[in-house]
Amino acid sequence: MELQHFSDVHPLIFIEQAKFGFWCNGCGEGIEGSCYSCRKCETDLHPSCAKLPLPRELQHPIHRKHPLNLHKTPPYDGRTCTCNGCNLPCRSFDYHCPLCKFDLDIKCASLPLTIKAENHDHPWTLFRNSIPFICSTCGKEGKGMPYLCGECGLWVHHNCASLPCMVKHIRHKHPLNLTYSLKDDHFEHRLCQLCVLKVDTNNGLYYCSNCDYVAHVDCATDKEGRDETFVWESNDKDPIESTTMMKEEDSGHDEFTNEFCYIVKKTKVGEDKVEIPIEIKHFAHEHDLQLTTKLENDKICDGCIRSIFPPFYSCAQCNFFLHKSCAELPRKKRHPLHQHSLTLQPMSDSFDLVQCNACYHITNGFTYKCDVCNFTLDVPCSLLSDMLTHVGHEHPLILSSTTNAEECSACNSKRKIFRCTKCEFTLDFGCATLPLTVGVQTTRASFYTSFYC
Ligand SMILES: [Zn+2]
Ligand SMILES: [Zn+2]
Ligand SMILES: [Zn+2]
Ligand SMILES: [Zn+2]
Ligand SMILES: [Zn+2]
Ligand SMILES: [Zn+2]
Ligand SMILES: [Zn+2]
Ligand SMILES: [Zn+2]
């Protein structure tokens, strides 16, 4: 697919998956996924930006005195300017008035003048001046041009003006509703269940009344948490339970099903009359594996790369070991850190090392990989869910879904964390998955000795 665009003399070629670090010459933001590109001139555009109808000359109500001219980059030394709409630096497409040195990036130039959204009775009108304001929906400070409801006297961010009344987040089974008041609420502050930080109930928030579940506007609408399998049928009055946590797509074509990673070859009946598989064929190993209950020293599980302990499966012909629990891992699973389903992968043949997206540890063991995008979890991290009770801390911890890395109270590195619901304590995935009896690393020793003594 090719596209002729004003910003490049060559036709732009459609690329299915842009390389990491590509940014859009139109809006200035990063590109994930597809783009239109010319590698000779290093022009890259989001498909949506490439197809924006951008007149070369624009008469805009924000700057009524003179027409604005479209430039591929701001016509100044250094090819950057500050957008008069949002007050942010612009080094991409620029609508420019040469007489007043007035500039608008294409995001501000294409803001709708009014927004009629389901979240408010009256239309929101773009305020045609850049001012500092406090958004009456999310409560955060805004710079730039707010949207105004003159009737109610409210200012909101552009994003907050078009918030949906209902969202479905992967971490909660019910849809969440946008609300501005919690009935019978005796507390000024509640905890957002997604980032585990305070929510000011004087602002807008997303709420599940079934579960008394509260989330910040930003947290609930974060695009990485959006449940893409959820379809809202507006004639359904009752909240719908999402099936994503239970139902899995049928896609396996090999002899191993989506549920199990092994085929049972031989069983024995255990003490409690339950059949135990004592010989299995596992998808990650070419030979059959036998169940062992004897102790083995200095051997490592090829699934989780931790010391082996009984019961475990081992190969009679080669040095291959799997904890019974690691052999029984599901082939496919969902994880609260990621919106798509993950599939268990054996260690790679080329001895490639992969990095876990939760703890950032390098592993050569089993991994859960996303079927759609570049997301990987090692086995220990895949076993953690939303809630964590940890021997190192007296209160329950909840996974925090903020996109920013946050500091771990145990090792001080900035990572994805679990946050305490009662105090300031945080724990990252690396520390949360540390084996408690072996291999305590010196950097974390003080944290662990503090509760072993
Ligand atoms: Zn070109
Ligand atoms: Zn002007
Ligand atoms: Zn806002
Ligand atoms: Zn939050
Ligand atoms: Zn709920
Ligand atoms: Zn294991
Ligand atoms: Zn990990
Ligand atoms: Zn605590």
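Q: How are the donor residues of the zinc ion (ligand 5) spaced in sequence?
A: The spacing is H-x1-H-x33-C-x2-C. Keep in mind that this is a predicted model.

Q: Which atoms coordinate that zinc ion, ligand 5?
A: H172 through NE2, H174 through ND1, and C208 and C211 through SG. The distances run from 2.0 to 2.3 Å.

Q: And what geometry does the site of the zinc ion (ligand 5) have?
A: Tetrahedral. The 4 donor atoms make angles of 97 to 121 degrees.

Q: Is C208 buried or exposed?
A: C208 is buried, at 4% relative accessible area. C211 is partly exposed, at 36%.

Q: Is C38 buried or exposed?
A: C38 is buried, with a relative accessible area of 6%. C41 is partly exposed, at 34%.

Q: Which way do the residues of strand β3 point?
A: β3 covers residues 35-38. C35 and S37 point one way, Y36 and C38 the other way. All are buried.

Q: How is β3 joined to strand β2?
A: By 3 bridges, with the strands running antiparallel. β2 spans residues 12-15. F14 stands opposite Y36.

Q: And how is β3 joined to β4?
A: Again antiparallel, through 3 bridges, with β4 at residues 43-45. There, Y36 has L45 as its bridge partner.

Q: What happens at E42 in that hairpin?
A: E42 takes a positive phi near 55 degrees. The hairpin of β3 and β4 has 4 residues between the strands.

Q: Switching to packing. How many residues are in the largest nonpolar core?
A: It has 61 residues. Those with the most contacts inside it are Y95, L104, Y147, L176 and Y206. Strand β21, residues 205-208, gives the largest share, 4 residues. Another core lies apart from it, with 44 residues, including F312 and L384.

Q: Back to Y95. What stands opposite it in β10?
A: L104 does. Strand β9 (residues 94-97) pairs with β10 in the antiparallel sense, over 4 bridges.

Q: What is the strand order of the open sheet with 4 strands?
A: β5-β6-β9-β10, with antiparallel pairing. β5 (57-60) and β10 (102-105) stand at the edges. Each has a single partner strand, so one side of each is left without a neighbour in the sheet. From one strand to the next, the twist averages 30 degrees.

Q: Last topic, aromatics. How many aromatic pairs are found in the whole structure?
A: The search finds 5. One of them is F127 and W155, which is edge-to-face. The centres are 5.1 Å apart, with 85 degrees between the planes.

Q: Where do F127 and W155 lie?
A: F127 lies in the loop between β12 (124-126) and β13 (133-134), and W155 in strand β16 (residues 154-156). So the pair ties together parts that are 28 residues apart in sequence. F127 is partly exposed at 26% relative accessibility, and W155 is partly exposed at 28%.

Q: And what kind of pair do F418 and F429 form?
A: A tilted one: 4.9 Å centre to centre, 40 degrees between the planes. F418 lies in strand β38 (residues 417-420) and F429 in helix α7 (residues 429-432), so parts 11 residues apart in sequence are tied together. F418 is buried at 0% relative accessibility, and F429 is buried at 0%.

Notes. Residues numbered from 1 in each chain as written. Chains lettered and ligands numbered in written order. Predicted model: local features only at pLDDT ≥ 70, side-chain atom pairs only at ≥ 80, totals over all residues. Heavy atoms only, no water. Buried < 20%, exposed > 50% of the residue type's maximum accessible area, 1.4 Å probe, protein only. Donors = N, O, S within 2.8 Å, 3.2 Å for Na, K, Ca; no water. Tetrahedral: all angles 85-135°; square planar, octahedral: opposite > 155°, others 65-115°. Core = buried A, V, L, I, M, F, W, Y, C linked by side-chain atoms within 4.5 Å. Helix = DSSP H or I, 4+ residues; strand = E, 2+ residues; numbered from the N terminus. Pairing = 2+ DSSP bridges. Axes fitted to C-alpha atoms, helices over the stretch in contact; angles between N-to-C directions. Phe/Tyr/Trp six-rings, centres within 6.5 Å; stacked < 30°, edge-to-face > 60°.
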